[in-house]
Amino acid sequence: MVRQRGLVNRTAVLAAAVVILFFASVLLGSYTVTVPDFFTIVANHLTGGAKIPGASFIVMENKLPRAVIGTMIGIAFGVAGALFQTMLRNPLASPDVIGISSGASAAAVVAIVVFGASGAAVSGAALAGALAVAALIYAISRGAGGTGRGNAAGNRLVLAGVGIAAALQAVVSFLMTRADIRTAADVLVWLNGSLNSATWDRAGILFPALAVLVPAAALIAGPLRILELGDDAAAGLGVRVNNVRLALVIVAVSLAAVATAAAGPVSFVAFLAGPIARRFTGKASLPASAMVGALIVLAADYFAANLAPLLLDGTVLPVGVVTGALGAPFLLWLLVTANRKDA
C-alpha cells in the first residue's frame with residue numbers, strides 16, 4: 001500500500017510538471033502573455049467578446065493549439081512506447097525502432113512526392129501507413145515461428161520491425177532524390193516531426209482518438225502486468241495470451257499512428273518515456289509514461305521554438321530534432337548499462 005501510494009504521488013508530481021510546462025509554453029517565450037490576459041483572451045474567445053489585438057491571435061491560433069497538440073501527442077507516444085516495451089519486455093521495442101513510425105513516414109512521403117498531397121491527406125496517409133506496417137510486422141512475427149508466443153515472439157517482432165524500417169527508409173531516401181527542392185523541403189520538415197502546423201482542426205481529430213484509445217490502454221493494463229510474468233504463467237492465470245497481445249498491439253499502434261499523423265514522427269519520445277518513467281516511479285506505469293511523454297514534447301518544443309533561435313541565429317528547429325538529440329545518447333547509455341548488468 002505504501003509503495004502504491006508513493007507511485008501515485010510521483011505520478012501526480014509528473015502531472016503537475018506537465019501543467020506547469022504547458023502554461024509556460026503558452027505564457028512565456030518570444031511573445032509573453034500575462035496570466036490575467038490569458039484567461040481574458042480564452043474567455044472572450046469562448047463567449048465572442050472583444051479580442052486583444054495581436055495577443056488573441058497569437059494565443060488562440062498559435063501558442064495554445066501548439067501546446068495542446070504537443071501534450072496530446074506526448075501522451076500518445078508515451079503510452080504507446082510503454083505498452084510495447086512492457087509487453088515485449090524489451091526497452092528497444094518502441095514505435096521508433098520497430099518500424100511503425102517508418103511506415104507512417106514512407107506513406108506520407110509517397111503522398112507528398114508522388115500524389116502532391118498536403119494537409120489532412122498527408123495525415124491520413126501516415127495513419128494508413130503506420131497501421132499497414134504494424135499488421136505486416138505482426139503477421140511476420142507470428143508466421144516466422146508458429147505459435148508466436150514467449151520471448152521469441154517478441155524478439156521476432158522487433159527484428160521484423162527493424163528490417164522493415166530499414167527498407168522503408170530506403171524508399172524515403174529514393175523519393176527524396178526524385179522530388180524537387182521545394183517539395184523535398186516540405187517533406188524534410190514533416191519527417192523531423194514538427195508542431196509548426198498545429199491547428200484546432202488537428203486537435204479536434206486527435207482528442208476523440210485519444211478519448212477512445214487511452215481508456216482502452218487502461219483497460220488492458222491489468223493483463224499487461226500479468227504478461228510481465230511470462231506467457232506460460234499468464235496462461236496459467238487464465239489470460240488468453242495471444243488475444244491480449246493482439247489487443248495491446250492494436251491499441252499501441254493506433255496511439256503511435258494518430259500521434260504521428262498529427263505532428264509527424266517525433267523521434268524517440270515513445271522510446272524515452274517508458275524507461276524514464278520506470279526509473280522515476282520505480283516500476284512500469286502507463287500514467288507516468290504518458291506524463292513523461294508530454295513533458296518531453298513540451299520541453300523540447302519550448303527549446304526548439306524559443307531558445308534555439310537565440311543560439312542558432314534565428315533558426316527555429318522542428319521539435320523532432322531536439323527529441324532526436326536527446327534520444328541518441330539515451331540509447332547509448334541504455335546499451336552500456338545493459339551490458340554492465342549482463343556482465
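Tutor: We begin with contact, which means heavy atoms within 4.5 Å. Keep in mind that this model is predicted.

Student: What covers the buried residues of helix 8?
Tutor: Their cover includes helix 3 (55-88), helix 9 (221-227), helix 11 and helix 13.

Student: Which residues of helix 8 are buried?
Tutor: First, the general idea. An α-helix has 3.6 residues a turn, so residues three or four places apart point the same way. Now the case here. The buried residues of helix 8 are Ala 203, Leu 206, Ala 209, Leu 210, Leu 213 and Ala 217.

Student: How many residues does helix 8 have, and what is its reach?
Tutor: Helix 8 runs over residues 200-219 and has 20 residues. From first C-alpha to last, helix 8 reaches 29 Å, close to the 28 Å expected.

Student: Where does helix 8 bend?
Tutor: At Leu 210, by about 25 degrees. Leu 210 is also one of the buried residues of helix 8.

Student: Is Val 239 buried or exposed?
Tutor: Buried means under 20% relative accessible area. Val 239 has 13%, so Val 239 is buried. Val 239 sits in the loop between helix 10 (231-236) and helix 11 (241-263). Leaving out residues up to four places away in sequence, Val 239 touches Ile 226, Ala 234 and Val 244.

Student: And Leu 311, buried or exposed?
Tutor: Exposed means over 50%. Leu 311 has a relative accessible area of 63%, so Leu 311 is exposed. Leu 311 lies in helix 13 (residues 286-311).

How values were computed
Residues numbered from 1 in each chain as written. Predicted model: local features only at pLDDT ≥ 70, side-chain atom pairs only at ≥ 80, totals over all residues. Heavy atoms only, no water. Helix = DSSP H or I, 4+ residues; strand = E, 2+ residues; numbered from the N terminus. Buried < 20%, exposed > 50% of the residue type's maximum accessible area, 1.4 Å probe, protein only. Expected span 1.5 Å × (residues − 1). Bend = angle between axes of the 7 residues up to and from the residue.
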